[in-house]
Amino acid sequence: MNVRQALYIRTIAEEKGVTAAAKKLHISQPSLSQVVKLAETNLGAPVFNRSTDPISLTPAGEKYVEAAKQILAI
């Protein structure tokens, strides 16, 4: 996880959606989705459960966001 991934994924979790997070971060939705995909590939597990509306965190995602918050607090 790098700082950019931490910030982006935390923002998606807070905004409860990729589109809203992309608007808040002033980046395109496809770019943000690509960052999530890379993070999930590196993690080896999905971060978000996309079958819910709004999207929710998976158990792995909850741990990821918790770690992201700690990193961003430093």
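**Positive phi values.** I began at the residue just after α2, and found that H26 takes a positive phi of about 60 degrees there; I am working from a predicted model, so I note this as a property of that model. H26 is not a glycine, and I placed it in the loop between α2 and α3. I then looked up its exposure: at 74% relative accessibility H26 counts as exposed, because the cut-off for that class is over 50%.

K16 belongs to the loop between α1 and α2, and its relative accessibility of 49% makes it partly exposed. I wrote both residues down because most residues other than glycine have a negative phi.

**A cis peptide bond.** I checked omega for the bond from D53 to P54 and found it near 5 degrees, which is cis. P54 sits in the loop that lies between β1 (48-49) and β2 (56-57).

**Helix α2 and its neighbours.** Which residues of α2 are buried? I listed A21, A22 and L25. Looking down the axis of α2, I saw these buried residues fall within an arc of 100 degrees, so they line one face of the helix. I recalled that an α-helix has 3.6 residues a turn, so residues three or four places apart point the same way. The buried residues of α2 pack against α1 and α3.

For the pair α2 (residues 18-25) and α3 (residues 29-43), I noted a packing angle of about 110 degrees and axes 9 Å apart. The two helices are therefore roughly perpendicular to each other. On the α2 side the contact is made by V18, T19, A21, A22 and L25, and on the α3 side by Q29, L32 and S33. I sorted the residues of this contact into five nonpolar and three polar, with no charged residue.

**The largest nonpolar core.** This core has 16 residues, and I recorded Y8, I9, I12, L32, V36 and F48 as those that touch the most other members. Helices α1 (3-15), α2, α3 and α4 (59-73) each supply at least two residues of the core.

**K63.** I located K63 in helix α4, where it is exposed with a relative accessible area of 64%. From C-alpha to C-alpha, K63 and V47 are 9.0 Å apart in space, while in sequence they are 16 residues apart.

Conventions:
Residues numbered from 1 in each chain as written. Predicted model: local features only at pLDDT ≥ 70, side-chain atom pairs only at ≥ 80, totals over all residues. Heavy atoms only, no water. Axes fitted to C-alpha atoms, helices over the stretch in contact; angles between N-to-C directions. Helix = DSSP H or I, 4+ residues; strand = E, 2+ residues; numbered from the N terminus. Parallel < 35°, antiparallel > 145°, perpendicular 65-115°, else oblique. Contact = heavy atoms within 4.5 Å. Nonpolar A, V, L, I, M, F, W, Y, C, P; charged D, E, K, R; others polar. Core = buried A, V, L, I, M, F, W, Y, C linked by side-chain atoms within 4.5 Å. Buried < 20%, exposed > 50% of the residue type's maximum accessible area, 1.4 Å probe, protein only. Arc of directions from axis to C-beta.
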